Amino acid sequence: MAIENVKWGKDRKEDFRAWMHFEMAQTEGDRQPLLLKWQNDIVQWRARVVGDGVADVPFVGASDLELPLTAMHVDPIYADFMQTLHVPEDFWSTVGKRPDTVEIAKPTQEFLSRVEKNYIKMRRVNQKAMLDFIIHGTCVYKDHILHDRRMVRDRTGAMVPVLRHQPVVQHIPIEQFIIPARSYDIDPDAANGAAQWVAQEFYLTKEQFAERINAESPWLPAYDKDDAAKVMEWAEDNMGENRVRETIQSEDQYKPWRNRVITLHEIHVRYAPDATGLQQDLVIVWHQPSRTVLRAIANPLLHGKRPFSGQPFLPGLGFYGLGIADLDEWAQLASTRVLNNVIDNTLLSNTIMIGAPQGMNIQPDEPIYPYKIWSLGPGEDLKAVQMGRSNPQALSLLQVFGQWSEQRTGVSELRQGDVSNVPSRTPAATTLSILAEGKKRFDMILGNLKDGSLGEMGVRILQNLVQISQTDPRWKAFAVEALGQVDGEKVVRVLEGPVHDIEAKFGMTVTATSSQVNKEAEKQSLMFLAQTMGQFYPQQMQYAQMLGDQQLMLATVTAAYNGTIELQRRLLESHDVQNPDQYLPNAQAGMQPPMQPGMPGDPAGAQGAAMGGAPAGGPQAANPMAQAPEQMAALLGLV
């Protein structure tokens, strides 16, 4: 990966240091309410029992419990999104935007799928990203090129260097991503709210920091040694404080006693480094306390964009969205108060105090227990004093709060798999209709995620693969090895092309469907649809035969075959079958025309179609479906 040092003009580096220190200090002050909110979100979601769950107010032993309403709503959404995103075999679907890329799109999708499974592992990334997305309302991804060297042991036990040069997707914890308060779009070219700079906070130990100072390839250019020596002293005093991270560790009950690290920032900024005044996209490694620029390079990614992408759960008017913790905040607070009042009321209404005459032989705070004998003198009498009365209306109020919170979040009992409150004679069609209405909000959220950050990320990963392949031939070899010679060569041609053509050639979206309907209901719908189409296709074939139109017969048989295969694929996916293609016939494999003599392997027709030209063999070879209408009809039992 080509790395170019920034050439600073006279006094421009000092001007940048002063400006960046002011910007970062101002933004850190602006973020304090946000950090406090994220801390409260975590505490609200975890709803841990503090101490023994009792308080001293309004009386000793009063209830002090937190109703886990946010967790009750987060868990089913988290499970739905993870299942929906990662059930399909291919995480990204690729579509050719131009006629010359239609035939290359499918091999490119398969190649990207192999890269995702072997190197990127999006399920692992989303395990944490979806928690930020659902709880806090915003998640941040970073897709870039990893280029480093590590010493590992080979099979003989010897230590050997291993170079990692690959695309990477990371989840950036929301508290470690910094954007100025005045901005709400990461893209510096956005029409409104464009951010001049964004930053990622990261931490290095003294040993890791020393590696950067004495870096060799591929870490070049190394950190400036004179400036790094000053920063190294901060490791003794800076404890790597992060309020949100400390809250997470406290909730996990696994907080380190101390954490000696150096806090740095990777800043992506648009700035004019020289006297020409022309702004450039720079990547700065910055140490805020000492106002030190440790490294300054031009944006190394050839696609020219910043590697970060943010995605809101429910979009707001700024950069950050609304999460379940925001939607449930009022309901959890109110419900918690009612819950504790109900528990206290139940305790008090079932607690009896003793009224005794003054001077009776009873000591203050004397314990009471079953079968206790009270010694009464002449004229003395004990009486019971009830501390409270049961109030059944409080439970009704708690149920009302729960219903209101369901309307606000969209997480109903049906979405959580609870049908206990559904009348026993409710028709299945009515239940499916309710589920369909309830899923619209989550379809919108998932659709925004698919076509937003995750879809754009697929294009940038392919662009990064093209950039890596310019200097690393291993990825071309991996394509041929993973896909075979024919499809592998198609992908190699993509990797050998320019980076900037990728967006014009291919469109990317996440394969997962946006339907969040209950799985069992989805299975029943697909089975019913398959039965309906099984009756529809033979009727249409009979009509085509009566008309005597061979082209209509061919179109009908083709639609019947493709439609049946697609319905069965979706039915298998609804049963969580990870590789449905292995259970279904390949239409193209069974309908390829015979190979021309002297053309083994990749026929000229296939190769020409891949390059955008007409297949060899004339019009009849261009339409292999035309050779086998009778065979297909017989196979389907339609004739």
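**Entry 1: conventions and counts**

In my notes, helices (H or I, at least four residues) and strands (E, at least two) are DSSP runs, numbered from the N terminus. I am working on a predicted model, in which local features need pLDDT of at least 70, side-chain atom pairs count only at pLDDT 80 or more, and totals for chains, interfaces and linings use all residues. Residues are numbered from 1 along each chain as its sequence is written, and side-chain values use heavy atoms, with hydrogens and water left out.

I counted 21 helices and 14 strands in the chain. I call a residue buried under 20% relative accessible area, exposed over 50% and partly exposed in between (1.4 Å probe, protein chains only). Of the 639 residues in the chain, 43% are buried. I then took contacts (heavy atoms within 4.5 Å). Among those between residues at least 6 apart in sequence, 73% join residues at least 24 apart.

**Entry 2: backbone exceptions**

Most residues other than glycine have a negative phi, and most peptide bonds are trans. I listed some departures.

Q253 lies in the loop between α8 and β8, and its phi is near 55°, a positive value in a residue other than glycine. Because its relative accessibility is 59%, I class Q253 as exposed. In helix α8 itself (residues 243-251), the buried residues are V244, T247, Q249 and E251. Their cover includes α2 (32-46).

K121, in the loop between α4 and α5, also has a positive phi, near 60°. Its relative accessibility is 29%, so I class K121 as partly exposed.

The peptide bond from V57 to P58 is cis, with omega near 0°. P58 belongs to the loop between β1 (54-55) and β2 (62-63).

**Entry 3: nonpolar cores**

In soluble globular proteins, nonpolar side chains tend to be buried together. I searched for nonpolar cores, meaning sets of buried Ala, Val, Leu, Ile, Met, Phe, Trp, Tyr and Cys residues joined through side-chain atoms within 4.5 Å. The largest has 57 residues, of which F111, Y141 and F313 touch the most other members. Helix α12 (residues 440-469) gives the largest share of this core, twelve residues. Apart from it there is another core of 15 residues, including V6, V269, L282 and A296.

Leaving out residues up to four places away in sequence, I found F313 touching I77, F81, F133, I134, G137, L322, G323, I324, F442 and I445.

I looked up L112 in helix α4 (residues 102-120). L112 is buried, with a relative accessible area of 1%. Beyond four places in sequence, it contacts W92, G458, I461, L465 and M508. L112 and L465 are 353 residues apart in sequence, yet their C-alpha atoms are 9.4 Å apart.

R460, in helix α12, is buried too, at 6% relative accessible area. With residues up to four places away not counted, R460 touches D143, H303, R306, P307, F308 and S309.

**Entry 4: rings**

I paired rings of Phe, Tyr and Trp (its six-membered ring) if their centres lie within 6.5 Å; planes under 30 degrees apart count as stacked, over 60 as edge-to-face and the rest as tilted. The whole structure has 22 aromatic pairs. F133 and F313 make an edge-to-face pair, 5.3 Å centre to centre with 75° between the planes. F133 is in helix α5 (residues 122-136) and F313 in the loop between β11 (308-312) and α9 (324-349), 180 residues apart. Both F133 and F313 are buried.

I also noted one aromatic cluster formed by W8, F16, W19, Y271 and W286.

For charges over rings, I required NZ of Lys or CZ of Arg within 6 Å of the ring centre and within 35 degrees of the ring normal. The charged end of K372 sits over the ring of W374, 5.1 Å from its centre.

**Entry 5: cavity**

On a 1 Å grid over the protein atoms alone, I took a cavity as a set of points where a 1.4 Å probe fits but cannot get out, with lining residues having an atom within 4 Å of a point. Grid points are joined across faces, edges and corners, and a volume is the space filled by probe spheres set on the points.

How many cavities of 30 Å³ or more are there? I count one. The largest cavity has a volume of about 40 Å³. Its lining consists of H268, V269, D281, L282, V283, N299 and R306. β8 (262-271) and β9 (280-287) each supply at least two lining residues, and β9 gives the largest share, three.

How values were computed. On a 1 Å grid over the protein atoms alone, a cavity is a set of points where a 1.4 Å probe fits but cannot get out, and a pocket is an open set with protein on both sides within 12 Å along at least five of seven lines; lining residues have an atom within 4 Å of a point.
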